[in-house]
Amino acid sequence: MEAVITVIVLIFVLFLVLGAYATVKVVGAAKRGVDRTIEQARRTVEDTTLRAKSLTQAGAAGELADLRLRLRTTMRATQDALHAGVAEDESLRESLGLFQRLSAHGHELDDALRRLESDPDRAKLAERLPDLRERTGRIIKAADSLRWAAHDRARRFAEEDLDALSAQIDVEAGALRHWTTEPTSSAGAHTPPPAATPPWPEAPAPEGAASTGQTWPETPQSRTAGEPARPAINPPGPRITYPWQKKPRPESTT
């Protein structure tokens, strides 16, 4: 009895541990989902704000917003392209490592541009704009180079696979249409003789003469006149009279 109680207690504790573990995993996944949603919403708000500033503000403030928007858009597109491609092409691991090093410079530049947006010294800001513009262009160019190289590599692999698939389909289509290929006769090629056909029967011999050869098959019209014709229907037999039938009444003569 004590062993049964111990087993039940252990099972109950095991269920509690499994329930707690599942609860922690679910809460962690929900928290990550919420954090991801918040991050996406925050990024969308920042991009919208930067786009509005680049269109509405003039001078150094508007150009700073435009530089940040271009930098963030390019780095995000390159990141998505490399992460999507590395799942199918392991050779992109090195490119992804290079992009992570480039991302460190991008984040540093983005933070510097964000701090300069609230700088009250517009004259000093205007002096630093050419350097900031050149630095942003270098990072954007490097990110574009990585992204387009990954796109070209994926496109090349897709074209090679499509070429191989098209060649296989052409071979299969030719095999399916093999009956349409007519054999070409070359000079001096031996052609088989035509198949022998059965001979025609000879004409029927004259009436009264002995038949020595083959005759036409007998037909109903070819019967001789002396042969008696067979009746089509057998003649009726004597009529059977049953007792219950009335006797025929004799005809009266007058």
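First, the surface. Met 1, Ile 5, Val 9, Phe 12, Val 13, Leu 16 and Val 17 make a nonpolar surface patch of about 720 Å². Patch members have over 30% relative accessible area and no salt bridge (a Lys or Arg side-chain nitrogen within 4 Å of an Asp or Glu carboxyl oxygen); nonpolar side chains are joined within 5 Å, like charges within 9 Å. Areas are Shrake-Rupley, 1.4 Å probe, with only the protein chains shown as cover.

A word on provenance. This is a predicted model: local features need pLDDT of at least 70, side-chain atom pairs count only at pLDDT 80 or more, and totals for chains, interfaces and linings use all residues. Residues are numbered from 1 along each chain as its sequence is written, and side-chain values use heavy atoms, without hydrogens or water.

Back to Phe 12. It is found in helix 1, residues 2-56. Helices are DSSP runs of H or I, at least four residues, numbered from the N terminus. Phe 12 counts as exposed because its relative accessible area is 52%; the cut-offs are over 50% for exposed, under 20% for buried, partly exposed in between.

Now the loop. Asp 89 sits between helix 2 (60-86) and helix 3 (93-117). Buried or exposed? Buried, because its relative accessibility is 14%. Its side chain makes a polar contact with the side chain of Ser 91, at 2.6 Å. Beyond four places in sequence, Asp 89 is in contact (heavy atoms within 4.5 Å) with Arg 153 and Phe 157.

Key: Helix = DSSP H or I, 4+ residues; strand = E, 2+ residues; numbered from the N terminus. Buried < 20%, exposed > 50% of the residue type's maximum accessible area, 1.4 Å probe, protein only. Polar contact = N/O pair within 3.5 Å; in protein donor to acceptor, adjacent residues only side chain to side chain.
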